[in-house]
Amino acid sequence: MVTAKSRMLTVGGKTAEDHFLERFFAEWPRCFNYLDSRTIENSEKELPECADRSEVCSKVDLYGAPWIERQCRCPNGHACPSSLYGDDGHTIVDKTRRYKLCEPVKRLPICHFFKDITWTLAPGGGPANATVQRVYCRCRPNSVTYLLRRQPHRSPDGNQGFVYAFACSPQSKLRCQHKEPCRLFTVRKRRNSQLEEVNASPLCQCPRGHRCPRRHTDPGSTPARSYAGVLEIKTYSGYCVPYRSYEEMTYGI
């Protein structure tokens with residue numbers, strides 16, 4: 001296993017990448033378990049009805065080959081938007097994901113950085129143990145979401161779980177230091193499926209004349225760590241690559 005670490009140390013002798021991984025793997029495993037509970041469907045026949053207009057009815061992932069995960073049926077016979085794009089007036093865009101709502105997103109207020117909860121993830125209970133995602137406000141353009149906190153939660157059928165709350169943050173304007181990763185990828189393959197769930201988290205901005213890998217398979221990305229077990233998560237570190245070198249490695253020019 002190849003280990004790629006930044007040489008820039010922070011408090012306690014740990015890199016920014018180490019701190020990010022500690023927080024990510026402390027909070028996200030249970031959340032990932034929720035995402036396995038919904039079967040990806042092409043029809044809404046077997047889906048429960050959305051409880052309210054803030055609930056996400058479907059999720060589109062455009063990181064690799066596009067795929068759609070249905071969450072619930074819109075009430076009153078309305079169809080959940082099925083467009084892969086984010087300009088249909090019903091979409092919240094977060095990196096490579098598109099969250100579809102039954103109601104127009106313009107009705108949602110704009111979130112305040114670090115303060116307002118933009119959305120929550122919670123176990124829905126029932127035989128399918130479906131994930132329920134509710135959106136409360138919109139992040140400003142060019143901002144990113146992050147896990148703010150989690151709270152214990154008991155579903156109507158008595159099952160214990162957690163509600164994960166996310167907030168908005170402006171993109172980091174810090175310049176990457178020498179041999180410091182600019183982006184961290186966490187890759188998890190779904191059970192009994194070829195689909196991969198990839199979360200790409202920017203850490204810093206590359207200097208002028210360089211670019212940061214957008215995918216974990218791009219030039220400049222190297223395997224960082226592997227976590228065996230139920231989740232089987234792999235991480236990759238993306239490093240700044242000169243534009244010319246990137247074109248040579250990608251296109252051979």
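**Salt bridges, ring pairs and strands in a predicted chain**

Arg107 counts as exposed, because its relative accessibility is 51%. The classes used here are buried (under 20% relative accessible area), exposed (over 50%) and partly exposed (in between), with a 1.4 Å probe and protein chains only. The structure is a predicted model, in which local features need pLDDT of at least 70 and side-chain atom pairs count only at pLDDT 80 or more, while totals for chains, interfaces and linings use all residues. Residues are numbered from 1 along each chain as its sequence is written, and side-chain values use heavy atoms, with hydrogens and water left out.

The chain contains two helices and 14 strands. Helices (H or I, at least four residues) and strands (E, at least two) are DSSP runs, numbered from the N terminus. Of the 253 residues, 43% count as buried. The accessible surface of the chain comes to about 14100 Å², and carbon and sulfur atoms contribute 52% of this area. Accessible areas were computed by the Shrake-Rupley method with a 1.4 Å probe, and for residues only the protein chains shown count as cover. Among contacts (heavy atoms within 4.5 Å) with a separation of 6 or more, 61% are between residues 24 or more positions apart.

Side chains of opposite charge can pair when their charged atoms come close.

A second salt bridge connects Asp52 and Arg134, whose closest N and O atoms are 3.2 Å apart. This pair links distant parts of the chain, 82 residues apart: Asp52 belongs to the loop between helix H1 (16-35) and strand E1 (56-61), and Arg134 to strand E6 (residues 131-135). Asp52 counts as partly exposed, because its relative accessibility is 30%. Arg134 is likewise partly exposed, with a relative accessible area of 24%. Glu55 joins Asp52 and Arg134 in a network of salt bridges.

The salt bridge between the side chains of Asp88 and Lys100 has an N to O distance of 2.9 Å. Here too distant parts of the chain are linked, 12 residues apart, with Asp88 in the loop between strand E2 (67-70) and strand E3 (91-94) and Lys100 in strand E4 (residues 97-101). The two partners fall into separate classes: Asp88 is partly exposed at 26% relative accessibility, whereas Lys100 is buried at 0%.

Aromatic pairs were assigned to rings of Phe, Tyr and Trp (its six-membered ring) with centres within 6.5 Å; planes under 30 degrees apart count as stacked, over 60 as edge-to-face and the rest as tilted. The count comes to five aromatic pairs. In one of them, the rings of Tyr99 and Trp119 have centres 5.0 Å apart and planes at 65 degrees, so the pair is edge-to-face. Tyr99 lies in strand E4 and Trp119 in strand E5 (residues 117-123), 20 residues apart, so that the pair links distant parts of the chain. Both residues are buried, Tyr99 with a relative accessible area of 6% and Trp119 at 3%. Another pair, Phe113 and Phe114, is tilted, because the ring centres are 6.3 Å apart and the planes are at 55 degrees. Phe113 is partly exposed at 30%, and Phe114 is exposed at 51%. Ring pairs also connect Tyr99, Trp119 and Phe166 as a cluster.

A charge is taken to sit over a ring if NZ of Lys or CZ of Arg is within 6 Å of the ring centre and within 35 degrees of the ring normal. Arg215 lies over the face of Tyr63, at 5.6 Å from the ring centre.

Strands are treated as paired if DSSP finds at least two bridges between them. E5 and E6 run antiparallel and are joined by five bridges. Pro123 stands opposite Thr131 of E6. Strand E6 is mostly covered, with four of its five residues buried.

Ser58, in strand E1, is buried, with a relative accessible area of 0%. Residues up to four places away in sequence aside, Ser58 touches Ile68, Glu69, Arg70, Gln71, Cys80, Pro81, Arg98, Tyr99 and Lys100.

Terms used:
Salt bridge = Lys/Arg side-chain N within 4 Å of Asp/Glu carboxyl O.
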